[in-house]
Amino acid sequence: MSTSDSVYQQCISSSCGDTFAIGEALVACDQCGDLLDVVYDWNRLPLPSSLKEFEQKWSQRGDPLNFSGVWRFRQLLPFATPEKIITIGEGQTLLQRADRVARHIGLSAGRLFLQYEGMNPSGSFKDNGMSAAFTHAHSIGAQRAACASTGNTSASLAMYCAVTGLMKGVVFIGSGKIAYGKLSQALDCGALTVQITGDFDDAMARVKEISQKLGIYLVNSVNPFRLEGQKTIIYRILESLDWEIPDWIVVPGGNLGNSSAFGKAFSELKELGLIDRVPRMAVINAAGADTLYQLYDRRSLRWKNGDADMCIARDYYQELDAQNQKAETIASAIEINRPVNLKKCIRALEFCDGVVRRVSDQEILDAKAQVGAGGLGCEPASAASVAGAKLLIEEGIMGSDERVVCILTGHQLKDPTATVAYHTTDQEQFDRVLGQRGVQRASFANRAVVVPNDVEEIVKAIQLYS
Ligand SMILES: *Cc1c(COP(=O)(O)O)cnc(C)c1O
Ligand SMILES: [Zn+2]
């Protein structure tokens, strides 16, 4: 990079800290292989004097950059020139006050808010990051973009390719583990879909090699620009709370891109004096894919100013391999054992005084049913945040009067198979989809009522059940 650059990429390792120009497409440090950050020299960039100033953008929403829930905050992710920015209308999301769900998890009325990212164009929060990665890819002239995906990243990439017509998308998925809603999106939007034998962790390893070999732009969350877009989830939450800081942010943990991005967002806002306090963060793993929990909570892996002892993680991965242990959960979006953003996440956990918990598939599906019954609904992985908040309240770590924001990462319709199996009366279907994963009961099932095709019988049934 040149010393005159006010935006650059930097290795997060304290012992390396090498820097790279913004125009380079990298997913790791050239020197040491560690993750990269996008770094800004804020002194040389125009900034708002308060977060409230962003509200003015609402009166100019005829401009697509101000309509976008990502790019109206572009002063806080100023890596692209406005002409190069790609938006398909992402980030029109809602922070829903959810009193019924609050009651279920033990929070007082008015204290639980669900940040519903299912309202994004492709139905998950991934669009926030994709519009940023796509913008970077486009600014450096990329023709093809690839990702490995448990489903939502591929749906998002496929949609950005289809809507903009700027790039050809190549998506790698593991065998058999993708929810149909997501697979249908990748296929429908015309992405080249490569299904490999193996799971997400295998697909991730292959796509890294292949994108390097063929010079294809990689949009997984190892891409530091992805996380720049995902910071805006936090800006929108704060905006919805009239710029007040909640007590907790609770987020499901898969590849740990979101939790990492949230930590960066808060740390930058604090550095810039735009907020005076930081919420605590809880990252929730599924019990069948609980690497972060094992490393952070059980083995005390800590950031330590960039000097984290990553041998703890390496040893753990070797144990997983020795036992041939694969990630396994109904929450397929977080069915990941080797989270690529692990190190950034432990940095975020340190900054936000974080905690990590794990929840069972049973707890996830019961929480999901509550979200459906009292809110906008969500896919299984998203409900891990609500199940995790419930657990933290039971443990007394989260207070029942604290203000809590749970991120609902993906849309209710992403994985109808899991939802229908939960509510079904068909024991065979329940066992096949859920029973195998240790789910024993559907505590909040809303079962269809079977009635003969007869007016009187139907009337009787409605009177009985309503
Ligand atoms: C990708 C995804 C996650 C995991 O997010 P990370 O940033 O990888 O931790 C959780 N939920 C849904 C619905 C997702 O698509
Ligand atoms: Zn480095």
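**View 1. Zinc site.** The zinc ion (ligand 2) is held by the SG atoms of C11, C16, C29 and C32 at 2.3 Å, where donors are N, O and S atoms within 2.8 Å of the metal (3.2 Å for Na, K and Ca) and water is not among the atoms, so sites may look incomplete. The model is predicted: local features need pLDDT of at least 70, side-chain atom pairs count only at pLDDT 80 or more, and totals for chains, interfaces and linings use all residues. Residues are numbered from 1 along each chain, and ligands are numbered from 1 in the order written. Along the chain, the zinc donors follow the spacing C-x4-C-x12-C-x2-C. The arrangement is tetrahedral because the four donor atoms subtend angles of 97 to 115°; four donors count as tetrahedral if all angles lie between 85 and 135 degrees.

**View 2. Shell of ligand 1.** Ligand 1 is surrounded by 16 residues, the closest being K126, N152, L256, N258 and T409; a residue counts as near if one of its heavy atoms lies within 4 Å. The shell divides into six nonpolar, eight polar and two charged residues, with Gly counted as polar.

**View 3. Backbone contacts of ligand 1.** Polar backbone atoms of N255 and N258 each lie 2.8 Å from an oxygen atom of ligand 1. For G257, a backbone N or O atom is 3.0 Å from a ligand 1 oxygen atom; a polar contact is a pair of N or O atoms within 3.5 Å. The protein buries 97% of the 380 Å² that ligand 1 exposes when taken alone (Shrake-Rupley method, 1.4 Å probe).

Key
Side-chain values use heavy atoms; hydrogens and water are left out. A polar contact is a pair of N or O atoms within 3.5 Å; within protein, one must be able to donate a hydrogen and the other to accept it, and residues adjacent in sequence count only if both atoms are side-chain atoms. Four donors count as tetrahedral if all angles lie between 85 and 135 degrees; four count as square planar and six as octahedral if opposite donors are over 155 degrees apart and all others between 65 and 115; anything else is irregular.
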